[in-house]
Every structure is written in C-alpha cells, then in structure tokens.
Amino acid sequence: MADASLIEQRMTRVQRHLHLDGQLLTAIALLSGVGLAILYSASNQDMAELQRQLVRLSVAFVGMVAIAQVPPKTLQRWTPWVFLAGLVMLVLVLLVGTYGKGAQRWLGFGPIRFQPAELMKLAIPMMVAWYLSRRPLPPSLSQVLVALVMIAVPTALIIMQPDLGTAVLVTAAGLFVVFLAGLRWRVLLGALAAILAAIPVFWMFLMHDYQKQRVLTLFDPERDPLGAGYHIIQSTIAIGSGGVYGKGWLNGTQSQLQFLPERNTDFIFAVFSEEFGLVGVVQLLVLYLFIIWRGLYIACQAQDNFSRLLAGSLALTFFVYVFVNVGMVSGLIPVVGLPLPLISYGGTSMVTLMAAFGILMSVHTHRRMWSS
Amino acid sequence: MASKKGQGDNRLRDQIQEKRLFTRRAVLAGAGVLGLMGLLGGRMAHLQISGHQHYATMSQANRVRLVPVPPNRGLIHDRNGVILAENRPTYQLMVIPEQVPDLEETLAGLGAIIELEESDLTRFHNQRQRQRRFDAIPLKFRLDERDVAIFATNRHRFPGVEVEARLSRVYPQGEHAVHAIGHVGRINEQELQRIDSSRYRGSTHIGKSGAELQFEDLLHGHSGIERVEANALGRVIRPLERLDPNPGTDVYLTIDSRLQRIAEEVLGDWQGSIVALDTRNGDILALVSKPTFDPNLFVHGIDRETFQALQADPSRPLYNRAMRGQYPPGSTIKPFVALASLENEIKRASERVFCPGFYTLPGVSHRWRCWQRRGHGHMNMEDSLVQSCDVYFYDVAYRLGIDRMQEYLGGFGFGRRTGSGVPGELPGVLPSREWKRAARGESWYHGETLITGIGQGFFLTTPMQLAHATAVLANKGSAHPPRLIKRIERNDNGEVSDLPPEEKETHFKLRDESNWQQVVDGMIASIRGPRGTARSIAPGLEYEVAGKTGTAQVFSLGQDEKYDADAIPVHLRDHALFNCFAPADDPRISVAVVVENGGSGGGVAAPMARQVMDAWHAIERGQPIPRPDPPEEDDAETADG
C-alpha cells in the first residue's frame, strides 16, 4: 500500500538501525522500572535481590535486541527445527529433568539450567503460524485439526511435568494463532461446546489434587484459610486494604510484615495494589493495555501471514499473563502459577517475554516495499 | 505472463483479504482484551473501594498484637520499713537460635567461660524444640556479676547470645521471717484456673505462701498491655501504644524485724515456734517457725533434688509450725481453766485441794498422776498455778465437766482459727463430746475430761492460737484478731494508708474482775514465787510477767513408769511450752513458745519468751536491744506438769 519511502520515513532511526520499536521499548522500560521499585519493596528492601533482577533484565534485554535483528523470514525458516528441538527437550525433561517445587521442569546443560516449556511459549505460536501461513487464510478444517495436534502434543508433555500455568499459556498462544488466522465461527463455537463438555473429564482424570484444591479454594477461600486459601485471603486483604490511594511505597503492612506469601513472585501485584492503591493499579493496567495494543498494531501492520499471526498471538499471550496473574491475585480465577510479566522476580519467563518483544520488534522493523 | 499476472493479482487480492480478515480478528481480540481488562479493573475497584473498610480492618487485625506488660510486684517491709522482699534485676543468659551461626560451637564456647549445668542444657534444648527460632530462650538463670562481666568481655564471640536483665523477687534477708513472708513461685495449672487472666497477663510468678500469698491481691497489681506491630511470624516489629501496668502495692507487715531476729536467735537450732502478739491491736510482732529454708530457692523454680531434700527432711523446714503446728497445750492451759473455775464458781481461789500425787474418780481404779509423784500437798488456786499441780486441775475439770470447760475455753479461741488470715492456719482441737463423736465415733469418758483440764489428751493448739488466747486473757476477754499487715503504700499515687486493726472481738465478759486478778497473780507468782515453775526467768526482770509453763507429752507413759528424759529418744521427748503476757498490769505483748522435744517449759521455753519480751521492752523504750543468750540445752531444774 504505502511506498518504500513512506515506510522508510515512518521508521525512526532506532527502528531502522537497531530494529527496535521506540514505543514498545519505552513501555517496557517504564514497566521494568515500576517492577524494580515494587520488587524492592516486596523483598523487604533487599538490594541483592534487586541486583539479581537487574542482571536478568539486562540479559533478557540483550536477548530481545538480538532476536529483533533476525528478520521474520529467517525466523520462519527456523521454525520447524525450533519446534522439533523443543519437543525433544520436553521429552528429555520428563526422563532426566531436575525437580523444583514438586515438579519436573528443568533441564541442565552444565551450569546452564533451562526450562524447555519456556521455549514452547514461543515455539508453539511460531509453529502454528508457520503451518497456517503456508496456505491462504482462513484455514480449512483439516488444517485446524493439524494445528490443534501441534498444540496438544507439547501441551500434554508440559502438563505431565506438571506445570499448569505454562500449559495454559502455550495452549492460549497456539489457539490465538488459529483464531487470528480466521477460524470459522461455527467451528469455534463447536469447539467451545466440546471444551465445556470435556471439563468434567479433565477434572476427574487429568487434574492433580493440588490443582483441584486451587480451583475449589477459589470459590471458597475460607475452606482452607491456612493452606491453599491463605494465599487468596491474604492477597485480597492486601489489595482491599490498599484502598484508592494505597498505603504508600514500602508501607504495605501485608507485604512488609510477610503476611503475603510469594509476594515477590506470583503475588507481587498484591504488593503493588496495597502500596499504590486503585490509582496505581489503573495506571499499571493502562500501561499493560498499551503494550498489548502496540503488539496488536504491529501485527496488523505486518506484511506476511506468518509475522502477522505470530505477532498477534504474542501480544495476546502477553495479555493472558496479565489477566491470569491479576485475576488470580485478586481472587477472580484459580491460583495458577503465572508471574506478572516484567514485574515478578524470576528469570526464565522474563527472557521468554523479552524474546517475544524482540520478535514483535523484528516484525515491525523488517517491513519492506510490496513491489520489491 | 498474463496468467502469471492474473495469479499475482489473485494472490494480491487474497493477501488484501487475508489482511482484512486478520485485522477484523485482531480488532475483535483487542475488544476482548479491553473487556477483560475492564473486568480486572472492576474487580480491583470492588476490592479497593467497596471492600476497603472490611479489608483494612482485617489487615489491621493481622498486624497488631497485644503484648502483656506484667506489673512490678509490691515490696514487703517489716513494720519499720526494713525490706523483707523486693525486686531486683537478675541476669539471665538468653540465646536467639536464629542469630546463632553454629549452635553447638556457641554452647561449647559459652560453657568454657560460664558454668553450664547439664540441666540447663537439657531445658534449653527442650524449649528450643517448642519455640520459634527468633524467640530468645534462657540458657542460664541468675548469672552472678562475675559471669556477666566475663560474658561482656567475650560478647563479640557470641552473636545471638545476650544477657537479659529482668526483675525477680529477692528475699534479701534470706531465711529471716520466711514463714511470715512466704515466697513466690511460678504460676501453676491450678492457680492459672483461679486467677483473673487479664490482671495476670504476662505475670509468671504468684505468691505461694505466707504474706506473699495472703496479700497477693495487693502485691501483684494489674498487668498493662502494649499494642505492637508484628509480622506474619509473630516477630514484634515496633511498639504502637502502651497501657502501663498498675504496679503492686507495697505492704508493711506488723512483724518487727528486730524482734523477729531475736526470737529466731533464741530459738536457735531447736525445732519449734515463737509467736509474739501486740495484745492491744493484734499485731503479729514475731512469727518464728524453725527450722527455716531459703525462699530465694523457689523464685526461679527449685530443682527437683533440692525440693525433695526439703520435703524429705524429717525436721520439715517448709512446715509453718506457728500456724499449722498443732501441739497439746499442756499446763499452759491451766490459767484458762483456773479462770473458768472461778467464773463458774466451782472453787473459790482460796479453796484447797489435797494433792497426794495422783487423782482418782469414784468407782474407777485408774490413778491420774500429778507430774510431782510425791504430791504437792494442800493446794489453793495460786499454789496450783505456781507449782502447776495437776491434781488441782483434775478436780476442777471434773467438777466443771467437759461441756462447761469446752464452752469456756472456746471463749479464748481454742479450737478455731484466730482470724489472722494467714494462709494455711489450722484450728487446733478443742475436744468436746460432739467433737469426739464426730471425729472418733465414740462417746466421752470422764477421764478425758480430767486430762483436757491439764491440756493433754485430744487437746491441740497452734502457737498462734496460744499466743492469741493469752492476749484474750490479758485483755480480760476481748482482743483484736492477729494481723500481719499494718500499712500499705500504693505505688501508682504514693498514697500511704495505715490499716486499722481488725475489729475487736469480745470473747467473754468477766463476771468478776477479781477472779481475773487472782489468776494473773498466780501466773505472776509462777515466775516470782520461790517455787514457781518459771522462776528461772525472774532474776533481773524489770517488769511483771504473767506466764505459765507447759510440758506436752509426745509419748504416753505407762501407769507406773517414770519419765526419764535421757532414756527416751529425742523425738519422743516432751515438748516445752510457755505462754505469757507482759506487763501484767498493763498488757502490751503476749508470747507463746513451743519447743519441740524441749523437755521443760520452765527451763527451755520460758527463758526464750523472756528474752523476746526483754527485747520488746527495750524496743518500745528505744533502748538498745539486749543480746540474746544462746538457748540452753536440757538444764531443766524442774519438770513441770
């Protein structure tokens, strides 16, 4: 549509030479800054923890910049191999992986520990986008079925670890691709009906007890106030007691006095809500919303189906992170172990997230003229 | 070319359509995102606006803890302000396991500079299992100053170990007056049930005996409370506000420490008791029970061996003989019986009874012996008091009969508690027909009336009772119940109040004053008279004493056996007693002395009583207190009945 010079003009210097997106970059930096501040509070002013988080952010940032340099076409070529490698490693994890927090998630290569499931957060949408973009959209029913298998196999392997949070996320990422590719409404509705029908089966045969507990305590946290319900009770107390204006940075009693569990990882949003109140919460949600909007905008501006589907899926997956985490912390949905993106303490998921942003930036900054 | 171009056009059209399709879907997804974000926002608004009040309250309840602040216990003084019980900082070695890098090494290191008992370590480890890691656990109580100094110089070597000072009860005079003061100890299960938990919040100790127990309500005070901020583990972060405790009230006992000390010294190593009362107001001036123990042992929890040793000690140091020791009054009862005789017109004072050395009842072959086997001859009332003739009192008792005698003696307070309120006081036994039927299920015999008349048989009195009855006698039938507390001083507002004596009780009304005078004259004569059983205390006596010796049989002699002190094991020898009041014309003090297995009332007990009275005489006049003579062993000149 637009000619080359126009696109060139609309690209800033940063976009052109570093293949980075200024708006996304600003939002990410802002979010990381807020994250560090709240982590400082949530960790009881532990400078060492802050430094570790800063190192992770830096590593993840470098990863993002590196991936942003890779053109989407190259990414598209690598896709089947990345997916295959991810599958192999998922199998390996189940065979020789190391345990952490009651689940088998880690794979060690010498000093480097690695969660293959994290890779799958990118590999699945890439694979599905790769597959569906080989034919014109919308996909046929058989294509959709193949895509579903591509999603289901790694998801099943991840559930076996077990890691419910990541499973939810990768499934969502894959399904978003299918949805964005133009899945027909009647198929979509039919699938939804099938899922609803499958829930009892899922509940009875596939869910672990602790997962069932989480669901049950969601509906009635008081049934286990010192166990599984404790998290939700304490985090809703933290959020609610924050009120409109919050108790002030470093002054949240729920978090500073350690009533709030997992306050620097999965429940860090409760710390934020307690200390900054509804005013802070709305601003934070708007910031997240901006990032998602930017991701979807980039997807819409993308010039090929693979880039489009992948970018759209990654943006929506980022939203799933936010929704699941905030929904869980505020007691809206069951406790599913997902971090609050760019704010929670922790390494692996941050690298994956930033890599996703790298892909978005790559998609946006490698656009070319139609005619060329 | 054309077809290729057409394909290209188709492809281009497809691409435009695909882009449109994608954009539609993306917008749809964006709308979904917006909706769900709105849901999150709504949820947050719900929690933070409408739920705020509720959750703010819950968060407050989470963080605020109430920490009790125990009050300082009131001090115990004697009547002149001498401190008998106080609170002093004692030092204990506390360990906070969380802060100790290597517990074993630390304990070993501490053991090298401060002596740690095996029991200390065991208790420490037991407590460590139960407590949170950041709570300080006592490793050793009552460090002495040397330990504290040594630890202070080595402190840097032991992170997580500190010396804590806290106030503990200390009895600076040690065993002095221990049976009057009593002691405190850790609150036990039963006491926990009984006490008002809000008053005792945080308190660990409670009065266990003596004044500490009797005046617990005054001494303890009221616990305060501190609101503190605590974290989820219960660790206190900072204080928020404080409601100060109400300190205990200081108590001034009626005991005169100087007199008490004299009484303790004169009793020496004898087992027994001395009680001195102010006859004018019932003040307990001295309350001695021997042997004694160190009350400081009980404050921090006595160890098992020491406690068992105290319990098993045959001399029973823990036993308060003054209030709980029940002894036959022996001849000390005779003045009371004599007054009963006069007042009931059984005999006139001048009327004589012949004492052949024994007494018989018509139709009974048994001979009730006088202690003087060869007999006293003709005895009037005064003679019989002076020489303590048993036969005279057998006759009086027989003629009075048990019912009248019991009623009259009951008027002096025999057979019931004196009303002193001292914990654990026993009532003694004033035998009667009813008592015997209830206690023994038997009917009364005449012979028992006779021996009741000389204070033997079932008759039992406590030293306190004997001193009190003597005060009643001194006051011609009325007296204030004995009391241990004289004054209180509140620590919250400094208010001092002198407590009025207990309400005076009229025990009986004299029918004829001269009867009383004749009995008192007889008691005086038992000291001043050349044949008096207590004449040994007469030399140098500057005031008149009305007294009566007594010897209480521990061991029953057969009909014709002769009492031979040397042939009888010490613990079966007679108890020596003496009761008296002075000055005889204006009574101010009454004294009762019981010396277990002392043998002779006149030889052993009476001199002790005299020294106590001498001391009081000097104290009242502000004169130097005469040094007491050491108690004399068995030099009984006379064996009185």
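This is a predicted model: local features need pLDDT of at least 70, side-chain atom pairs count only at pLDDT 80 or more; totals for chains, interfaces and linings use all residues.

Me: How many of the residues of H19(B) are buried?
Reply: The helix is mostly covered. Among its buried residues are B:Pro463, B:His468 and B:Ala474. What covers them includes helix H14 (334-343) and strand S22 (575-582) of chain B. The number of buried residues in H19(B) is twelve of twelve.

Me: At about what angle does H19(B) run to S23(B)?
Reply: H19(B) lies across S11, S22 and S23 of chain B. Those strands belong to an open sheet with the order S12-S11-S23-S22-S21 and antiparallel pairing. Relative to S23(B), the helix runs at about 150°.

Me: Which strands stand at the edges of the sheet in chain B?
Reply: The open sheet has five strands in the order S12-S11-S23-S22-S21. An edge strand here has a single partner, so one of its sides is left without a neighbour in the sheet. The strands in question are S12 (284-290) and S21 (546-552) of chain B.

Me: Which residue in S23(B) is the bridge partner of B:Leu577?
Reply: S22(B) and S23(B) pair in the antiparallel sense over seven bridges. In S23(B), the partner of B:Leu577 is B:Val594.

Me: Is A:Thr155 buried or exposed?
Reply: A:Thr155 lies in helix H7 (residues 141-159) of chain A. It has 22 C-beta neighbours inside 10 Å, and therefore A:Thr155 counts as buried.

Technical notes: Residues are numbered from 1 along each chain as its sequence is written. Chains are lettered from A and ligands numbered from 1 in the order in which they are written. A residue is buried if 20 or more other C-beta atoms lie within 10 Å of its own, exposed if 12 or fewer, and partly exposed in between; C-beta atoms are placed from the backbone. Helices (H or I, at least four residues) and strands (E, at least two) are DSSP runs, numbered from the N terminus. Two residues are in contact if their C-beta atoms, placed from the backbone, lie within 7 Å. Two strands pair if DSSP finds at least two bridges between them. Axes are lines fitted to C-alpha atoms, for helices over the stretch in contact, and angles run from 0 to 180 degrees between N-to-C directions.
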